[in-house]
Structures are given as C-alpha cells and as structure tokens.
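Open the model in your viewer and keep the selection panel at hand. Each stop below tells you what to select and what you will find there.

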Amino acid sequence: MEFFRQLWEVGRYLPMLLRASTVNLELLGALLVIGFLIGTLVALLQVYGGRFLGTVAYIYEWVFRSVPALVLLFLFYFGPSEFGWYISPFLAASLALGLRSSAYQSQIFRGAIQAIPTGQMLAARALGMSRVQALLHVILPQAFRLAIPGWSNEFSSVVKDTTLAYVVTLNEIMRYAKIIMDRRYDLAMATFIMVALIFLFFTYSGNWLLGQMERRFRIPGLQMPGASGTVL
Amino acid sequence: MNALLVVEDVHKRYGKEEVLKGVSFQVEKGETKVIIGPSGTGKSTLLRCINRLTEPDRGRVWLDGVEVTSPKTNINRIRAQIGFVFQDFNLFTHLTALDNVRLGPMRVKGMKKDEATRLAQEELARVGLADKADAYPAELSGGQQQRVSIARALAMNPKLILFDEPTSALDPELIGEVLQVMIKLAQEGMTMVVVTHEMGFARSVADEIIFMEKGVIVEQGPPAQLFSSPKHPRTAEFLRKITELYGGEG
C-alpha cells in the first residue's frame with residue numbers, strides 16, 4: 001500500500017515529467033529524420049555505389065554500429081568544444097543518436113532493396129529511366145514498404161535511446177526524474193516506474209502507428225506472409 | 001542504311017562462355033522477326049544487347065540510323081524508343097495497371113498527368129484490359145499481366161518492340177490471349193523482334209524467322225521456306241523436336 005501512496009505522490013510530478021518527455025519526442029523526431037535520410041543514402045551506396053563509395057559506406061556503417069551510444073554522445077558533445085565550437089546538447093544528441101541510427105537503418109533498407117527482384121530495375125531501365133529515376137519511382141517505394149517491420153524494431157530501440165541524452169545535459173525526462181529522486185529519495189522507485197509507463201505508451205503508440213502504415217501501404221493482392229494472420 | 005534496326009557482328013561473353021559469337025541481322029520498318037532456337041543459345045542475350053540492358057563486348061547496333069552502341073549516344077533516349085516485353089512481365093508491383101502504363105510517358109517523356117492517363121487508358125483498351133486499370137499486378141492473371149506489360153511498352157510509342165519469350169511463363173490456357181494481342185500489333189504494322197517457342201505464331205505472323213544455335217545464326221528465311229525445306233540439318237532437327245513437343249500449330 002505504501003508503494004501505491006508513493007506512486008500517487010509522484011503523480012504530482014507527472015505534468016513535469018510529461019513536459020520533459022516532449023523533449024525526448026523532439027529528439028526522437030530529429031534522430032529518426034537524420035537516421036532515415038542518411039540510412040537510405042548509405043544503403044543505396046552499399047548496393048549501387050560501386051567499389052569506392054560502397055566501401056566508404058560500409059566503413060561508415062561499421063564505425064557507427066561499433067561505438068557505444070554513450071561514447072558517441074560524449075564525442076559529439078565535448079568534441080566540438082576542443083575546436084572552440086559550442087554545440088547545443090540537443091544538436092549533439094540528435095547527431096550522435098541520428099548517425100548511429102542511420103547505420104542500423106541502412107541495414108534495414110539495404111536488405112529491403114536487395115529483396116526487390118532485379119527484373120524491376122531492368123523493366124524501369126528498359127523504359128528509358130535513368131538509374132536515379134528507377135530508384136525513386138520503382139525500387140525505393142517498394143523497398144520502404146518491405147522495410148516497415150524492421151524499421152518498427154529500430155523505432156522501438158531508439159525511442160528508449162533518447163533517455164541517454166541525459167548524459168549531455170539535455171533537459172529530457174531522465175534529467176527531471178533524477179531531480180525528483182535527488183529531492184525525494186523515497187520516491188525513486190515510483191518515479192522510474194512512471195517513466196517506464198510513459199515509454200510503454202510511446203512504444204505502443206509508435207508501433208500502432210507503424211502497423212497502420214503497413215496496412216495502409218500494403219499492395220493489394222500481395223499479402224505479406226503472416227501480416228494478416230494468414231498461416232502458410 | 002534503310003533498315004530500322006541493324007545488328008552487326010554482336011559478341012557477348014560471360015566468363016569463359018561465349019554466348020554470342022558474332023550475330024548480324026536487320027529488321028525493316030513494320031517487319032516481324034521471330035528468333036527461334038534451343039535454350040541457352042543466346043537469344044535473350046541478343047535481345048538485351050539491342051537496347052544495351054546487356055552491354056555487348058563487340059559489334060554495333062543502329063536504331064533508325066542512330067548508333068545505339070556508340071558511347072556518345074544517350075542510351076536512355078534510345079531505350080525510350082524500344083519497347084521491351086519480358087518473359088516474367090516485370091510489372092511494377094506497387095503500381096496499378098494504369099500507373100504501370102503511364103509511368104514511362106510521365107517520367108521519361110515528361111507527359112502531363114491527364115494526358116498520360118488518357119494514353120494509358122487507350123493502351124489498356126488496346127490490349128483488352130480497359131476494365132483492369134485499377135488492379136494491381138498481383139490481382140491479375142499471368143496473361144493479363146503480360147498484356148499490361150505490352151500496353152506499358154506501347155504507351156512509349158516505340159519504334160520497335162522486343163519480346164523475350166513473352167508466353168514462356170504462362171499457363172497454356174493463357175498463352176492465346178497474349179499471342180492475339182501480338183498478332184494484332186503485327187497486323188497494325190508494329191515492328192517487332194520476338195524470341196519465342198510458339199511455332200504457330202512464328203509460322204503465321206513472322207516475315208522472317210531466324211534460327212539461332214550456340215551463339216550464331218544458323219539459318220534465316222521466310223517461315224514457309226524454313227518450315228517446309230530447311231537448308232541446314234540442325235534447323236530441321238530443332239523444328240522436328242519442337243513440333244513433337246508443342247504440336248504442329250503450337
């Protein structure tokens with residue numbers, strides 16, 4: 001019963017936590033956009049970039065998948081000040097987590113692009129499209145559809161990663177949770193359970209949205225195995 | 001150089017294997033040329049060398065006086081003038097039949113959307129699929145898909161259409177509807193080069209038949225002559241085998 005009383009008490013801080021969580025959502029938006037754009041570019045370079053650009057793309061992907069997220073955050077936040085540049089916590093976190101996510105997203109997109117039968121590219125080129133046109137109008141629209149399930153997974157992962165930005169002094173939810181904890185140590189447990197519940201909600205609604213997108217963009221007649229409960 | 005298409009001494013090698021060992025032929029405007037021959041003799045490779053979906057190692061190709069194989073030629077502009085119909089259709093799976101047909105005119109030729117839509121509807125009607133404009137490829141039968149892909153080629157108003165075994169991936173009962181469309185096109189004066197095993201089609205529609213084997217043209221001539229009195233024993237043997245397999249009228 002004591003625990004529920006604590007939870008009730010933390011409820012007073014809920015508006016503050018929710019306000020702080022919008023910073024997490026902004027960071028999420030920024031890092032997803034960076035990750036999506038660069039991830040798509042990296043995937044295209046890996047598949048179509050030829051030897052030199054392809055290798056560059058692979059090295060990029062390898063680096064950003066290998067370095068721990070916290071290390072990247074510190075590097076992007078404290079690194080620029082070595083050269084006398086000030087970088088805001090939000091920008092540092094967006095870049096660190098965005099570039100990291102781009103490496104993971106690139107692999108989701110690369111797999112999806114490679115799953116498109118070569119005949120699609122051939123047919124587009126046979127019509128007289130340039131390679132870029134073929135990618136834009138034929139390959140990517142199909143690849144992005146295929147990528148949605150894998151991308152949902154990456155989404156669930158980076159939603160949670162936004163709390164790491166706490167270490168570069170971004171005023172996001174963890175920072176406020178820590179403030180509550182510092183003031184009322186007895187409420188620590190209840191506070192972090194509240195934070196956990198907020199993230200359960202974020203992940204759930206994000207995945208629900210992506211599920212809707214998957215249904216919305218499903219190609220009629222082409223059922224993804226298992227997507228609609230069909231058993232093969 | 002009056003012929004619409006001139007293919008001169010085309011060679012292609014994959015690793016050790018020389019798939020095309022110097023193939024030359026010409027196609028006049030309005031002519032239907034049928035290429036026959038055993039599997040793996042380079043017929044499909046030859047078609048792809050014509051619009052450089054496969055880059056020939058040697059030899060030259062001209063379309064309407066323009067050298068296709070010249071490095072200075074903008075190959076995309078050449079390809080826009082050459083229709084290509086694939087064995088396995090290769091319709092864009094994420095687009096409706098209508099969008100498949102109007103994509104080329106809009107994106108390659110820069111045609112306005114409403115104009116391209118009208119054109120696409122006309123071409124779909126021409127292949128008997130006016131009522132399937134909103135269907136996606138996966139909702140169509142193989143025969144219907146192949147007819148959409150012919151409409152897609154037609155919408156570019158090509159000087160020439162290349163058919164790469166257009167009925168080989170179809171169930172037997174669906175072959176007829178595709179051949180009918182092709183026969184109609186030939187009668188309307190479309191210039192076509194068709195790789196096929198459909199001997200009935202070859203016999204009734206072709207102006208000339210080319211028999212290829214092991215990367216070379218063994219024999220060519222009008223169907224009546226080639227079918228009744230082939231000059232080369234290999235041609236005779238191939239025709240006998242294929243007739244046993246598919247029946248006389250294919």
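**Before you start**

This is a predicted model, in which local features need pLDDT of at least 70, side-chain atom pairs count only at pLDDT 80 or more, and totals for chains, interfaces and linings use all residues. Residues are numbered from 1 along each chain as its sequence is written, chains are lettered from A and ligands numbered from 1 in the order in which they are written, and side-chain values use heavy atoms, with hydrogens and water left out.

**Stop 1: where chain B meets chain A**

Color the two chains separately. The contact (heavy atoms within 4.5 Å) draws 23 residues from chain B and 21 residues from chain A. How much area is buried between chain B and chain A? About 2,000 Å², with carbon and sulfur atoms giving 65%. Buried area here is the accessible area (1.4 Å probe) that two parts lose on being put together, summed over both.

Now select B:Phe92, B:His94 and B:Arg107. In chain B these three lose the most area to chain A, together 29% of what that side buries.

A salt bridge needs a side-chain nitrogen of Lys or Arg within 4 Å of a carboxyl oxygen of Asp or Glu. Polar contacts do occur: six residue pairs across the interface, both residues at pLDDT 80 or more. The rule asks for a pair of N or O atoms within 3.5 Å; within protein, one must be able to donate a hydrogen and the other to accept it, and residues adjacent in sequence count only if both atoms are side-chain atoms.

Switch to cartoon view on chain B. Helix 3 of chain B gives the most, with three residues. Helices (H or I, at least four residues) and strands (E, at least two) are DSSP runs, numbered from the N terminus.

What is the make-up of the side of chain B that touches chain A? It divides into 12 nonpolar, six polar and five charged residues. Ala, Val, Leu, Ile, Met, Phe, Trp, Tyr, Cys and Pro count as nonpolar, Asp, Glu, Lys and Arg as charged, and the others, Gly among them, as polar.

**Stop 2: aromatic rings in chain A**

The structure holds 11 aromatic pairs over all chains. Rings of Phe, Tyr and Trp (its six-membered ring) pair if their centres lie within 6.5 Å; planes under 30 degrees apart are stacked, over 60 edge-to-face, and the rest tilted.

Select A:Tyr77 and A:Phe78. Their pair is edge-to-face, 4.9 Å centre to centre with 65 degrees between the planes. A:Tyr77 is buried at 16% relative accessible area, while A:Phe78 is partly exposed at 44%. Buried means under 20%, exposed over 50%, and partly exposed in between (1.4 Å probe, protein chains only).

Move to A:Phe83 and A:Trp85. This pair is tilted: 5.8 Å centre to centre, 35 degrees between the planes. A:Phe83 is exposed at 64%, and A:Trp85 is exposed at 58%.

Then pick A:Phe36, A:Phe109 and A:Phe144, which form one aromatic cluster.

**Stop 3: salt bridges**

The whole structure has 21 salt bridges over all chains. Begin with A:Arg65 and A:Glu61, joined at 2.9 Å, N to O. Both lie in helix 3 (residues 50–66) of chain A, four residues apart, about one turn of the helix. A:Glu61 is buried at 5%; A:Arg65 is partly exposed at 37%.

Jump to B:Glu188 and B:Arg126, whose side chains meet at 3.1 Å, N to O. This pair links distant parts of the chain, 62 residues apart: B:Glu188 is in the loop between helix 6 (172–187) and strand 8 (192–195), and B:Arg126 is in helix 4 (residues 113–126) of chain B.

Finish with A:Arg5, A:Glu9, A:Arg184 and A:Asp186, one network joined by salt bridges that share partners.

**Stop 4: two positive phi angles in chain B**

Select B:Arg52, in the loop between helix 1 (43–50) and strand 4 (58–63). Its phi is positive, about 60 degrees, although B:Arg52 is not a glycine. B:Arg52 is buried at 13% relative accessibility. B:Arg52 also forms a salt bridge with B:Glu55, the closest N and O atoms being 2.5 Å apart.

Last, select B:Asp9 in strand 1 (residues 5–14) of chain B. B:Asp9 has a positive phi of about 55 degrees and is not a glycine.
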